[in-house]
Amino acid sequence: MKLIVREYDLDSSEPAVIIHDDDCIVLGVKVHDRVKINSGDVWVSLVGNSDTIVERGQILIPNIY
């Protein structure tokens, strides 16, 4: 499944991404699962989910730059 990548400004002690609740169901992932993200660089992150701060079809990644 391809998701549109959006950056967010949120401090986290671990690399984390936020995925819409419905997309989590389709992907078969739950909170605290690890996912492999390929957005130029490849990295592994913990999953957080929401149905308010992220839209379906999007994934929020931390703004690290």
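## Contacts along the chain

Of the contacts in the chain between residues at least 6 apart in sequence, 65% join residues at least 24 apart; a contact here means heavy atoms within 4.5 Å. This is a predicted model, in which local features need pLDDT of at least 70 and side-chain atom pairs count only at pLDDT 80 or more, while totals for chains, interfaces and linings use all residues. Residues are numbered from 1 along each chain as its sequence is written, and side-chain values use heavy atoms, with hydrogens and water left out.

## Confidence

The chain has a mean pLDDT of 87, and 95% of its residues reach 70 or more; pLDDT is the predictor's confidence in each residue, from 0 to 100. Helix H1 (residues 21-27) has the highest confidence, at a mean of 95, and strand S3 (residues 34-39) the lowest, at 83. As a reading rule, where pLDDT is low, the predicted coordinates should not be read in detail.

## Overall build

You will find 1 helix and 5 strands in the chain, and along the sequence they follow the pattern β-β-α-β-β-β. Both kinds of element are DSSP runs numbered from the N terminus: helices are H or I runs of at least four residues, and strands are E runs of at least two.

The radius of gyration is 11 Å, which agrees with the value near 11 Å that a compact globule of 65 residues would have. That radius is taken over C-alpha atoms, and the globule rule is 2.2 Å times the number of residues to the power 0.38. Along the principal axes, the C-alpha atoms fill a box of roughly 30 × 20 × 20 Å.

## Surface and charge

Buried residues make up 35% of the 65 in the chain. Buried means under 20% relative accessible area, exposed means over 50%, and partly exposed lies in between (1.4 Å probe, protein chains only). The accessible surface comes to about 4,700 Å², and 49% of that belongs to carbon and sulfur atoms; these areas come from the Shrake-Rupley method with a 1.4 Å probe, and for residues only the protein chains shown count as cover.

The chain carries 6 positive and 11 negative charges, whose mean positions are 9 Å apart. Lys and Arg count as positive and Asp and Glu as negative, with His and the chain ends not counted. Each charge is placed at NZ of Lys, CZ of Arg, CG of Asp or CD of Glu.

Isoleucine 59 lies in strand S5 (residues 58-62) and is buried, with a relative accessible area of 5%. Beyond residues up to four places away in sequence, isoleucine 59 touches Leu3, Ile4, Val5, Arg6, Val17, Ile18, Ile19, Ile37 and Val54.

Leaving aside neighbours within four places in sequence, the contacts of glutamine 58 are Leu3, Ile4, Arg6, Ile18, Ile19, His20 and Asp23. Glutamine 58 and lysine 2 are 56 residues apart along the chain, and their C-alpha atoms are separated by 8.6 Å.

Serine 45 sits in strand S4 (residues 41-50) and counts as buried at 1% relative accessibility. With residues up to four places away left out, serine 45 touches Pro15, Ala16, Val17, Asp33, Arg34, Val35 and Ile37. From C-alpha to C-alpha, serine 45 and isoleucine 18 are 9.6 Å apart in space and 27 residues apart in sequence.

In helix H1 you can find cysteine 24, which is buried with a relative accessible area of 5%.

## A loop histidine

Histidine 32 is in the loop between H1 and S3 and counts as exposed, at 60% relative accessibility. Its phi is near 75°, a positive value in a residue other than glycine. For background, most residues other than glycine have a negative phi.
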